[in-house]
Amino acid sequence: MPLLTLIDAELAFGLHPLLDRASLTVRAGDRIGLIGRNGTGKSSLLNAIAGRIDLDDGEIKKRDGVSIALVEQEPVLPPAATLRLSLALRGDIDAHFHDDRERWRIEARLIEYMHRLGLDEAADPAQLSGGERKRGALALAFALSPDLMLLDEPTNHLDIDGITRIEELLAKQTSIVITHDRAFLDRVTTRIVELDRGLLRSYPGNYSAWEARRAVELSAEHTAARKFDRFWQQEEAWIRRGIEARRTRNAGRVERLERLRRQRTARRETIGRVKLSVDAGERSGKLVAELTDVTKRFGDKVIVESLSMRILRGDRIGLIGPNGAGKTTLLQLMLGALGPDDGTVQTGTNVQVAYFDQMRDALDPESTLAETISPGSDWIEIGTERKHVMTYLADFLFPPQRAEARVKTLSGGERNRLLLARLFARPANLLVLDEPTNDLDIESLELLETTLQDYSGTLLLVSHDRAFLDNVVTQTLVAEGSGVWREFVGGYSDWLQQRSSVSRPSWEKPLGEQAPVVAVPPVTKQKLSYKEQRQLAALPVEIEALEAEQRELSARMSQADYHRFGSDIIKVDRRRIEEIEHSIAAKFEQWSGLDVRARTGQTTS
């Protein structure tokens, strides 16, 4: 029996429904990645499943006795003397576990997971950072061992080491996870569920498998929409000609046109995409910055110890390190905004800096969106292009009626988009991006990647998003501990391969040294066999053929006179539709596995 079933769910908070007769089934062992654009209702869906809000219509059926734990995007911890007591209050452990032995067991597990996630159980909860609060809430959720865990952006505010630990802990936990971290989705999930225009669509496999399949589906959807629009326009033209010629109109065609009009009105278009472009302005000098034996300390803590490096025009450098390693401080040293305790920093000539601050301090909460983008003017010049501020805001999915809204009314994702809009409204030959991916949906994140790949200036990037680092930077600067920073060629994955030849960073300890949760099988390199190579090449063609047959069969079954085919043919068609669906899912899973092995050259043994 499923743990949970969502049936014809409806939920709305604005003009468009967040859930529009949506359905979903969750079974034990499922690890579901819930994806979709910002504002589509993903967090609301988790809250409805957790019982914190009610659906407008529809039903959520849960198996008797099923336990659910929700970790929100910004968890709130009750006031208490210590973090451990605060988490015990949050979990209401005393009220839910009356048996002393069971309560002690939960409290012992809570302490264990707090230590695993690097938390001090005696810390003052009121003084914790956002990342520490998130880790505390996650520790409590794992300690409670729920049947179903609901996680809303669990990777936000976490460093790479923290993210990989959460991945390991989720390996055997039934869960629904909202995240924009594509590497996380690839490593954790067994199924992707997309919330799009009120509907939930389920796809077997991880994010990479979904990405390949979704591209085909969207292409088919756009083709069908174009055909519908062309037919609808022909019918509109026909009825206008009929009126002009005063001929008697066919009542059936008039009724059909009215039905087409209703369908066209009800069809909800895909949400627009952010349009990004950045002007690199005038070229900077060849030397952007040079650090010579730079050292920086705060009290007894060494942030940078004797660092020497040169940043040249066109460099694309990613800074990697745990929270608190000093990545933001190092950026400020590179820019000359902060002086070193020892050593020298020389900045280059004609350097125009655009700085994306992870704390969004550059935004005035009382300013309007239009004032933030273009104070004192209605126009923005980007390179050779001149845009009205309303048009420019629309490029970042802000409608004209929101141009006069205050910054303080925006959500986290909207503030991120606004800061990017402000950043890219001015020419800059040095982009400094400190955690730019937080709160961005996956589609906007991938568009930002593409924009940065085409950027001709110099880039300094701080990010814990491994896929983003791989796709954007050409070299990394990694915190090794005790103020030591080491340069590596390539992105995050390249650093993983190169670090085996050097000492591991002090902050990056193998999970096995801290009581492993999941035993990871050894990995050995093995190329695809000749037969597997042929299968990998043939599978996309086979999938396309099956999907074409599926569309053709669905179109025939949707015809108004389909019932005239007779019950025998109808049964055969229905059985074939089910066979095609199962076959497509199986072939996608087979293709995904072969594709991953072909790209990595690895298989588990």
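Mentor: A cavity, as the word is used here, is a set of grid points where a 1.4 Å probe fits but cannot get out. The model is predicted, and searching the whole structure turns up three cavities of 30 Å³ or more. The largest cavity holds about 90 Å³ of space. Its lining consists of 13 residues, and those nearest the centre are Thr155, His180, Asn438, His464 and Asp465. Sorted by class, the lining of the largest cavity comprises eight polar, three charged and two nonpolar residues.

Now the fold as a whole. The chain has 605 residues, 46% of them buried, and its secondary structure amounts to 18 helices and 22 strands. Of the contacts between residues at least 6 apart in sequence, 68% join residues at least 24 apart.

The loop between strand 8 (191–196) and strand 9 (199–204) contains arginine 197. Most residues other than glycine have a negative phi. Arginine 197 is not a glycine, yet its phi is positive, about 55°. Arginine 197 counts as buried because its relative accessibility is 14%, and the cut-off for buried is under 20%.

Histidine 157 also has a positive phi without being a glycine, in this case about 75°. Histidine 157 sits in the loop between strand 6 (148–152) and helix 6 (160–169). Its relative accessibility is 32%, so histidine 157 is classed as partly exposed.

Another open sheet has three strands in the order 11-10-13, with antiparallel pairing. Its edge strands are strand 11 (301–312) and strand 13 (342–347), each of which pairs on one side only. The twist in this sheet averages 15° from one strand to the next. Strand 10 (residues 287–298) and strand 13 run antiparallel and are joined by five bridges. Here alanine 289 stands opposite threonine 347 in strand 13. Helix 10 (residues 327–335) packs on the sheet and touches strand 10, strand 11 and strand 13. The direction of helix 10 makes about 130° with that of strand 10.

A further antiparallel pair is made by strand 19 (residues 475–481) and strand 20 (residues 484–489), over six bridges. Threonine 476 stands opposite phenylalanine 488 in strand 20. The two strands form a hairpin with two residues between them.

Alanine 403 is found between helix 12 (389–395) and helix 13 (412–424), in the loop that joins them. Its relative accessible area is 0%, so alanine 403 counts as buried. Leaving aside residues up to four places away in sequence, alanine 403 touches Thr368, Leu369, Ala370, Met390 and Leu393. Threonine 368 is 35 residues from alanine 403 along the chain, and their C-alpha atoms are separated by 6.7 Å.

To return to your request: the largest cavity has a volume of about 90 Å³, and the residues nearest its centre include His180 and Asp465.

Conventions: Residues numbered from 1 in each chain as written. Predicted model: local features only at pLDDT ≥ 70, side-chain atom pairs only at ≥ 80, totals over all residues. Heavy atoms only, no water. Pairing = 2+ DSSP bridges. Helix = DSSP H or I, 4+ residues; strand = E, 2+ residues; numbered from the N terminus. 1 Å grid on protein atoms, 1.4 Å probe; cavity = no way out; pocket = protein on both sides within 12 Å on 5 of 7 lines; lining within 4 Å. Points joined across faces, edges and corners; volume = space filled by probe spheres on them. Nonpolar A, V, L, I, M, F, W, Y, C, P; charged D, E, K, R; others polar. Axes fitted to C-alpha atoms, helices over the stretch in contact; angles between N-to-C directions. Contact = heavy atoms within 4.5 Å. Buried < 20%, exposed > 50% of the residue type's maximum accessible area, 1.4 Å probe, protein only.
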